[in-house]
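This report describes the nonpolar core and the disulfides of one predicted model.

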Amino acid sequence: MGNLETVALQLLLVFSLLHLSFAKINWFYNYHIHIRNDLPLLNSPPDQPNLFLHCRSKNRDIGEKPMLKGQDYTWDTKINLLHTTLFFCNARWVGRKRMSFDAFTVGRDEQRCLHYHNSCMWSVREDGIYFSQNNATWEYSYRW
């Protein structure tokens, strides 16, 4: 009987540790990345794109998207088993500026993007790129 209790206790300990490790790592969450074009039109016609975004990871190319003012570029991702998921984007404001930025990186975004429906919200603006955890309060993150 003593051996059975010892084995049961060991199994309980192993399952508890496994549960804790899976609870800390968000492998099963689906993260939603949103990048909105909030650039001013300036001299651009309203029916022509004034922003081009091309986003990708090491293994997945989301593609280039020409964006009109107010449009949203959206995709979903999960955190990989190695905990190294990274999506970066090249942004080109037509006739003005270019830049690259990280749209999702595990170390920075795993927890903060859980606050608003598992979403990372980005806004491309005249002075740079902003991030929001709640789609209401925006934090200046990248400069052109």
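Buried means under 20% relative accessible area, exposed over 50% and partly exposed in between, with a 1.4 Å probe and protein chains only. The model is predicted, so local features need pLDDT of at least 70 and side-chain atom pairs count only at pLDDT 80 or more, while totals for chains, interfaces and linings use all residues. Residues are numbered from 1 along each chain as its sequence is written, and side-chain values use heavy atoms, with hydrogens and water left out.

A search of the whole structure finds two disulfides (a disulfide being a pair of cysteine sulfur atoms within 2.5 Å).

| Disulfide | S to S distance |
|---|---|
| Cys 55 and Cys 89 | 2.0 Å |
| Cys 113 and Cys 120 | 1.9 Å |

Cys 55 lies in strand 2 and Cys 89 in strand 5, so this pair ties together parts 34 residues apart in sequence. Strands are DSSP runs (E, at least two residues), numbered from the N terminus. Cys 55 is buried at 0% relative accessibility, and Cys 89 is buried at 0% as well. Cys 113 and Cys 120 are both buried. The S-S torsion of Cys 113 and Cys 120 is about 110°, so that disulfide is right-handed.

A nonpolar core is a set of buried Ala, Val, Leu, Ile, Met, Phe, Trp, Tyr and Cys residues joined through side-chain atoms within 4.5 Å. The largest one has 28 residues, and those with the most contacts inside it include Leu 53, Trp 75 and Phe 101. Among the elements giving two or more residues to this core are strand 2 (51–56) and strand 5 (86–93). Leaving aside neighbours within four places in sequence, Phe 101 is in contact with residues including Leu 53, Cys 89 and Trp 122 (contact means heavy atoms within 4.5 Å).

Note on methods:
Helix = DSSP H or I, 4+ residues; strand = E, 2+ residues; numbered from the N terminus.
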